[in-house]
Amino acid sequence: MKADIGLTEKNSQAVAEKLNRLLADEFLLSLKTRNYHWNVEGSNFMEMHKFYEGLYDELDEVIDEVAERTRSIGHYSQGRMADFLKTATLEEQPYTNDQQKQLKDLLSDHETIIKYLRKDIDLFQDKYRDAGNTDFITGLMQKHEKWAWFIRSYLK
Ligand SMILES: [Fe+2]
């Protein structure tokens with residue numbers, strides 16, 4: 001049954017495509033953070049192991065929220081690994097146990113997401129007239145800004 005919520009089909013479709021790309025990136029970022037949680041080494045192992053765990057726990061909540069926002073505007077959420085790999089814009093890296101490399105990679109991913117969300121906020125608001133998702137991705141950008149700050153604070 002169609003969602004009769006005052007969004008045009010064209011606009012809600014465009015928003016759903018953006019949300020599905022975002023979902024793929026959040027999924028990839030969660031997995032990348034888990035990979036670093038498992039493989040980090042150093043005298044501060046437990047600190048970094050727990051830090052990464054806190055990050056992916058929060059990302060996992062975000063993943064669910066993004067998928068449910070897509071459903072809330074009447075579209076399907078993607079949910080297959082092959083589709084995530086096709087739509088994600090973030091890239092996976094070679095394995096490393098070097099925490100400076102891991103942190104720089106994660107920082108770059110959070111900053112990439114922040115930059116495209118900042119553009120999407122204007123699109124959602126002005127072009128697609130979707131107040132609900134404008135608000136949602138604005139809050140999400142703020143979360144990524146906080147996580148980027150946390151990660152940046154470990155880097156020299
Ligand atoms: Fe664990």
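Which residue forms a salt bridge with Lys-18? In this predicted model, the partner of Lys-18 is Asp-120, and the closest N and O atoms of the two side chains are 3.6 Å apart. A salt bridge is here a side-chain nitrogen of Lys or Arg within 4 Å of a carboxyl oxygen of Asp or Glu. The pair links distant parts of the chain, with Lys-18 in helix α1 (residues 9-39) and Asp-120 in helix α4 (residues 99-127), 102 residues apart.

The model is predicted, and local features need pLDDT of at least 70, side-chain atom pairs count only at pLDDT 80 or more, and totals for chains, interfaces and linings use all residues. Residues are numbered from 1 along each chain as its sequence is written, and side-chain values use heavy atoms, with hydrogens and water left out.

The chain contains five helices and zero strands, where helices (H or I, at least four residues) and strands (E, at least two) are DSSP runs numbered from the N terminus. Read from the N terminus, the order of elements is α-α-α-α-α. The radius of gyration of the chain is 17 Å, close to the 15 Å that the globule rule gives for 156 residues, so the chain is as compact as a globular protein of that length. The radius is taken over C-alpha atoms, and the rule is 2.2 Å times the number of residues to the power 0.38. Along its principal axes, the C-alpha trace spans about 55 × 30 × 20 Å.

Of the 156 residues in the chain, 46% are buried. Buried means under 20% relative accessible area, exposed over 50%, and partly exposed in between (1.4 Å probe, protein chains only). The chain exposes about 9000 Å², of which carbon and sulfur atoms supply 51%; these areas come from the Shrake-Rupley method with a 1.4 Å probe, and for residues only the protein chains shown count as cover. Among contacts between residues at least 6 apart in sequence, 82% join residues at least 24 apart, a contact being heavy atoms within 4.5 Å.

The chain carries 22 positive and 28 negative charges, whose mean positions are 4 Å apart. In this count Lys and Arg are positive and Asp and Glu negative, while His and the chain ends are not counted. The place of a charge is NZ of Lys, CZ of Arg, CG of Asp or CD of Glu. Side chains of opposite charge can pair when their charged atoms come close. A search of the whole structure finds 11 salt bridges.

Asp-120 also forms a salt bridge with Arg-21, the closest N and O atoms being 2.8 Å apart. This pair again links distant parts of the chain, Asp-120 lying in helix α4 and Arg-21 in helix α1, 99 residues apart. Both Asp-120 and Arg-21 are buried. For Asp-120 the relative accessibility is 5%, whereas Lys-18, at 23%, counts as partly exposed.

Another salt bridge joins Asp-60 and Arg-34, with the closest N and O atoms 3.0 Å apart. Asp-60 lies in helix α2 (residues 45-72) and Arg-34 in helix α1, so that this pair, 26 residues apart, also links distant parts of the chain. Asp-60 is partly exposed at 27% relative accessibility, as is Arg-34 at 22%. Salt bridges that share partners join Lys-18, Arg-21 and Asp-120 into one network.

Asp-105 is buried, with a relative accessible area of 11%. With neighbours within four places in sequence left aside, Asp-105 is in contact with Lys-32, Tyr-36 and Gln-93. Phe-124 is buried at 1% relative accessible area. With neighbours within four places again left aside, the contacts of Phe-124 include Val-15, Lys-18, Leu-19, Arg-129 and Ile-137. The C-alpha atoms of Phe-124 and Ile-137 are 9.1 Å apart, and the two residues are 13 apart in sequence.

Arg-129 lies in the loop between α4 and α5 (131-152) and is exposed, with a relative accessible area of 59%. Most residues other than glycine have a negative phi. Arg-129 is not a glycine, yet has a positive phi of about 55 degrees.
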